[in-house]
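User: Please examine the model shown below and answer a few questions about it.

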Amino acid sequence: ALIGFVYRKRKQIVQSLRAGMNNFHRVARNINDLLFSSSSLASGLAKDLRNYIYGEKQTTPESLRRLILLLSSKEVQQTLHGTAHGLLSAFFAAKRYDEENRREGAADLTHALLDKLFSEEGRDFSVAVL
């Protein structure tokens, strides 16, 4: 039953994941270019972070403010929203399908899916997707 459902919804699932991953890759490239274009930038950010955490100053360093601005940018937020929306849509569609097609004594698809996602293999898959 699950395989049939996933097969029928495969285009929507793949489109949502593909759009989220494309946005994520673009943002990751931007972050990579920003942080690792030079080793001095990365080391400067690490130094600022260390000084901010362990130092006496109460003001946030400019490098951390800029990183926060980047991470809170519209592009990053759209990536997170799109990916989460696609995954949640697929999850809730599977739950609806399971509720509509559940037979007496059959395993709950939602619980089976959550058990699989939180297993060791599922965590590896989640990390790969995200």
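User: In which helix does Thr79 lie?
Analyst: The model is a predicted one. Its chain has seven helices and zero strands. Thr79 lies in one of these helices, H5.

User: Does Thr79 count as buried or exposed, and why?
Analyst: A residue is buried when its relative accessible area is under 20%. Thr79 has a relative accessibility of 3%, and therefore it counts as buried.

User: With which residues is Thr79 in contact, leaving aside its neighbours within four places in sequence?
Analyst: Contact here requires heavy atoms within 4.5 Å. With neighbours within four places in sequence left aside, the contacts of Thr79 are Gly20, Asn23, Phe24 and Val27.

User: Which are the buried residues of H5?
Analyst: Helix H5 covers residues 74-101. Thr79 is one of its buried residues. The complete set is Val76, Thr79, Thr83, Gly86, Phe91, Ala93, Ala94, Tyr97 and Asp98.

User: How many Å does H5 reach from its first C-alpha to its last?
Analyst: H5 has 28 residues, and at 1.5 Å a residue the expected reach is 40 Å. The reach in the model is close to that expectation, at 40 Å.

User: What percentage of the residues of the chain count as buried?
Analyst: The chain has 130 residues. Taking under 20% relative accessible area as the cut-off, the buried share of the chain is 18%.

User: Among contacts between residues at least 6 apart in sequence, what percentage join residues at least 24 apart?
Analyst: The elements of the chain run α-α-α-α-α-α-α from the N terminus on. Of the contacts in the chain between residues at least 6 apart, those joining residues at least 24 apart make up 47%.

Technical notes:
Residues numbered from 1 in each chain as written. Predicted model: local features only at pLDDT ≥ 70, side-chain atom pairs only at ≥ 80, totals over all residues. Heavy atoms only, no water. Helix = DSSP H or I, 4+ residues; strand = E, 2+ residues; numbered from the N terminus. Expected span 1.5 Å × (residues − 1). Buried < 20%, exposed > 50% of the residue type's maximum accessible area, 1.4 Å probe, protein only.
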